[in-house]
Every structure is written in C-alpha cells, then in structure tokens.
Amino acid sequence: MRVPLSKIARPGWGIAFDTRGNSADLSALSLPERVCVPLQQHIGSAATPVVKPGDRVLTGQPLARAAANRLGAAVHAPLAGRVQAIARQPGPGRTGLAVSIESDGTDERWPGYTAHRDPLRLSTSALRSAVVQGGIVGLGGATFPAGVKLNRGSGVDTLILNGVECEPVISCDDALMRTDVDAMLLGAQIMLRILEADSCIVALKDGMADALQTVTTALQTLADDRFSIAILPPVYPAGGEAQLIELLTGREIPAGGLPWDSGAICQNVATAAAVAHLLRSGEPLISRIVTVTGAVVAPANFRVRIGTPISHLIAAAGGYTDTSSRQLIMGGPMMGIELPDDSLPVVKATNCIYVPTIDELPATAAELPCIRCGDCATACPAHLMPQLLLQAQATSDTERMQSLGLQDCIECGCCDYVCPSKIPLTRRFVAAKQELWDIAFEKRRAAKARERIAARTTRQQRQQQEQADQLAAQTHNVSDTDTAHQKLQELLQRTGADREDPS
Amino acid sequence: MITAIFILAGIALVVGLGLTLVNRTLPQNDQSPLDELEALLPATQCAQCGYPGCRPYAEAILAGTADINRCAPGGDATVTAIARLLGRHTATVDPAYGAYQPGHVAVVDEAACIGCALCIAACPVDAIVGAHRYTHTVIRDECTGCKLCLPPCPVDCISIVPLRPATRQAA
C-alpha cells in the first residue's frame, strides 16, 4: 500500500536551522542508584503521594495519584527500591515535593497492570482511564496531561503525531521513530479510537531520512488508510502545536482558544509510544528518550528512567569536554531553561540536556533602541507584532498589550533571534504575560470577594435583627408583670419541693 | 417670521421625539458612578488607603477628599483604570499606602495557632475556618490577602505568602 506523503512549503515566519548533523543513535544506559521523582512534572497541580518513606516500591508502582478534580497526572516509581524521603527538593525549573528512591538493583515489576494483547479491542472509556492512570503527559516538552486532551474527543477529526522536533539540537523524537515505530503507531491507533477521529498525520522534519524510511515501511505493513505522512521544512518553531496545525490543516486556532477548537490536536510521537507501552506491556510512563548533546564527549540519545540525576546521563555521554563552560540547558537552545547544576533529576519534560559550547552562547551585546524594522513581525509564528507589543509593554499599557494579542505569544524566541538591536523581547513578554494574568486573577478574586462580603453583611444584619428580636421578646415577657410574678412563684414552689424531697 | 417659528418648532418637535425614542429603546446605564468606581477597586476591604473599605474610599474619591493613588492591593493598573473612568491624569500607587503584592494569601501556622477565633471575626470574606479552642485555617481560594487578620492575632501566627511559589519558571 502506498502511504500518502505531502511536503509542506517553508512558511514566511520562523527561523531556518540546519539540523542535518544531529546524531540520533540510541545508546544503552545503566540504572541509576537512586532517583528523585518530583510530584509535579506536568501542567496542573502536583500529584498526591500514596507511599510513605520506608516503603518498598516496585518498578511502575504508583507513587502519587493526580489531585482530585484538578488538572494533573499520576507519578510512578521508575525502579524498584526503598522510598527514602518525600521532601521538598529542587527540580528542573521548579522546586517541590519529590520522592527519593534508592534502587535495590532488582528492577522488579509491579504486578498491578494488565498487559493487553490487543488494546484496540478495549472500550474507549477503559482506554481513556488507562491513559489517565498511567501518568501519561505530552512528552514534547509542555507535559500537558494527555488524558485531558484525549477526553476532549468531541469534534476532533485529525490527530497529528508530532515528530517535527524543530529545536536545532534535539533528536530524541528522531531516535524514537527509528527504534520504537510499532509502539508509536499502535499508540496513534489507540488515540484515534479514543478521539473517534478518522485521520492521522505523522509529521516529520525534512532531513530525518532514516526515520522517514522506518515510518513509511511500518505504515506499509500496517496498511491502515487513516495514516498519512507530512514532511515539514526545518524551520523553527514548525513543531509548535498551533504552528503545526496551521501548516498541516490550514486551520488557525482562535485567539485565546485551545488546539482542539480547531478540530485537530497534536500528540508527540513519544506520547503515542508511551500509550502503547502502557496498554500492551503494562508499563506506565517511567522512562523517556533524552538527547544529551553539546560539549560532551559522546553526544547521544538515551532511554532514561524518570528521576535519574542528570549527572548520570552526562557520565554516560563521556563527561563534559569543556570544563570552563558549565552552562546546562534542559530543552533546546531556543526555548530551553537553564539549570543550576547537574544534580537535578530528569523529569517527564526533559527532552534534551544541552551543554552549549562557549561559541554557541549568545554574545552579551548591549541592547539598542528599537528601530522599527519589523523583522520580528515577519519572524513571529503567532502572527503578532512584537515591535508594537514592546512599546505597549514599555508604557505598561495592559489593555493595548491585550488587544495586540500578547496572550497568544508562544515564547518561542524568534523575535529575539532576528532583532538587530538585540532587544530581549521574549523575556519582557513573559513578564508582561504574567502581569496580565495577575490582573485577570485579581479581577476574578475581587468579584468573588464582593459576593462574599455581601453575603457576610447580610448574615451580620440578620444576626443583629435576630438578637434585637430576642431582646424585644424578653423585655416583653418581663414587662408583663403579672405573668412574670406568677411564673416566679411556680418556679419557687417547684424548687422548694425538689429541695424537700431528698430529706 | 411666522414661517421661521414654525420651522424651528417643527425641528424641535422632531428632534425631541427622536431623542425620547432613542432614550426609551437604548439600554439604560443605571450603574451609579460610585458603583462603577467601586467595581474597579479590588474589594479586599483592607483599609490600607485610610478608609474603612473599598466603598468608603470610592465615596471619598468622588467627593474629592482622597487622591486616586491610594489603593496598594489594586496596583498601578487600578490607578490607571480609575484615572480613565474619571478622566484624570494617571499616576502610580503612593508607596505610603503599601506595596502592590499580587496573588498573595494569608496562611495560618497551625502549630502556633491557639484557637482564639479573633481572626475569624476580622476576615471580611469569611475565608478563615475554625472555632474557639480549635486550630484555624485559611481557605486559599477565598482569601484576598487583605492582611486584616494580622493585627488581631495575639500570637502572630498568620503570614502573607505568594499564592504560586514558583510562578512560571518552567515556561
């Protein structure tokens, strides 16, 4: 069977990077001696721990479940061993509760999962709850709980398997497609079933020749006519969810809307593979492929258990080549976050550990005034006008920032990259977005406070009224002297009788 | 002369009828300026501005006895919004009335709380739960961070903390 294949033309926005030199080989990695598993590795609320320090846990056993009624995901033990502590620990980008486990070397599997020979026969609700319980989140870097995206099934007709990997140095998705393509396609079929969608586009980047070959062959064997392949130009950020949907389907996500509003959703290729592993072999999300690249002796991809210290990965890659450059980035050079040191654990979001060499670090040039060249507006993949946003930000004009669509900024950094005046636009926009968010939050809080104050005032008035009524009733009783006198006499007689009784 | 009077009276009649009609059909703006102004304020009732609550402060602004830059919990954005509503020059919050601290809530140190219930009475939004001789706690989602519970606490066990510890570091 011929697999439909389309090539997408280079869009006007973005930055073209040459990524052909990426090594995408998958190397073996030994189990670490201890892992540190943060309870919040996803968008939403931290998971609630279900184990205690001192417990013995087995590989894949749930450590924490998603907080009830909140956006979140479960977290599982990446290896068998003893829980040493549940304490606040620094993680990549965020400090929070984390479970430390010391490995006992057995890697014994938790028997609580069922491996299904044919997961596609399960009901959609069973599939959905498995995805939620398996702690599966988007592995492209944003870690949005996958179950939520799949729950919003209604109206989504196209599933896009995102293997575009547009950041220049990352190759973990490439490695996954080359080594785990069957799981990826089974995961996609499961997702299609949950979504009741009828088409799936596997999106690759131009230059991933081996991956394209593997995916094409696998699809030919699978002979499922819902699948097609799209090859995207090596333009950053073509792999962003909104950008990918726009390039592949021509549909734009409405401002302030969510991807599924456009009728298409993206799932990372590794997310699809994780879904298949969960249902076919009963393994929750406890490992992922991580690219280690930059100034290390042997750049490579590793399948890493979540919670493994980054130093373990660096050692497996032969160590640092340049000891003077000690900058460490999680993610790619464009959107990655800087890590303070390599003792931090790998989390579900860790797609890449990048050690920039000295000449790759951006030169710290002095910021010059904006000359309104408009290069940033051309580069912006979200179709915003960064030069005008900058002006609005400088004058703290929140309304103007809102009307210029600041909320739709995806913080990709393209505007910084092209700016001839070296203005750190993205950093300002991130701060301004936070400010807008704060203002909106305070507005909501004020509205709620107003309601509660009104309720309190009503209650206080009612209580005062009740007290006044009671007082009035008492005074009324007393003022009726005859009745009061009679009552007093009765009372005296009764107490007198009581007193005499025992004697 | 007569013709002119008739023409002018005719025009006045038509315009008058038109205006009445428009007035009847268009939606009424029955919000008083005071309500509109109060809606811009953060409703914390924190009294940092020197008035006992947001409404009294709004009244004072309208009466011209208070400047518009006294609302610290609202921040510069609120001052700008008030300035726009009243057609005045915008300003920044006067630091004498406190600092802008968005997204903060009160937290009771439950180990130190003696259960005196004084803070419960002080809370304008009923966001503190507890009873006499029982530990109190703050309902995070309802607290406005107004700090009114701080002065009555005899053991100083309430602190104001940011709502989101690491705001979007991992963006």
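How many helices and strands does the secondary structure of chain A come to? Count them up and you get 14 helices and 20 strands. Keep in mind as you look around that this is a predicted model.

Let's start with the overall outline. Taken along the principal axes, the C-alpha atoms of chain A fill a box of roughly 105 × 60 × 50 Å.

As for charge, chain A carries 47 positive and 52 negative side chains, with the centres of the two sets 2 Å apart.

Now think about how the chain meets itself. Take the contacts in chain A with a separation of 6 or more: 72% of them come from residues 24 or more positions apart.

You can see this sort of thing by zooming in on one residue, A:T291, which sits in strand β16, residues 287–294 of chain A. Is A:T291 buried or exposed? It counts as buried because its relative accessibility is 2%, and the cut-off for buried is under 20%. So who is around it? Leaving aside neighbours within four places in sequence, A:T291 is in contact with residues including A:V169, A:I170, A:S171, A:C172, A:N351, A:C352 and A:I353. A:N301 is also one of its contacts, and here the side chains of A:T291 and A:N301 are joined by a polar contact of 2.6 Å.

Notes: Residues are numbered from 1 along each chain as its sequence is written. Chains are lettered from A and ligands numbered from 1 in the order in which they are written. This is a predicted model: local features need pLDDT of at least 70, side-chain atom pairs count only at pLDDT 80 or more; totals for chains, interfaces and linings use all residues. Side-chain values use heavy atoms; hydrogens and water are left out. Helices (H or I, at least four residues) and strands (E, at least two) are DSSP runs, numbered from the N terminus. Contact means heavy atoms within 4.5 Å. Lys and Arg count as positive and Asp and Glu as negative; His and the chain ends are not counted. The place of a charge is taken as NZ of Lys, CZ of Arg, CG of Asp or CD of Glu. Buried means under 20% relative accessible area, exposed over 50%, partly exposed in between (1.4 Å probe, protein chains only). A polar contact is a pair of N or O atoms within 3.5 Å; within protein, one must be able to donate a hydrogen and the other to accept it, and residues adjacent in sequence count only if both atoms are side-chain atoms.
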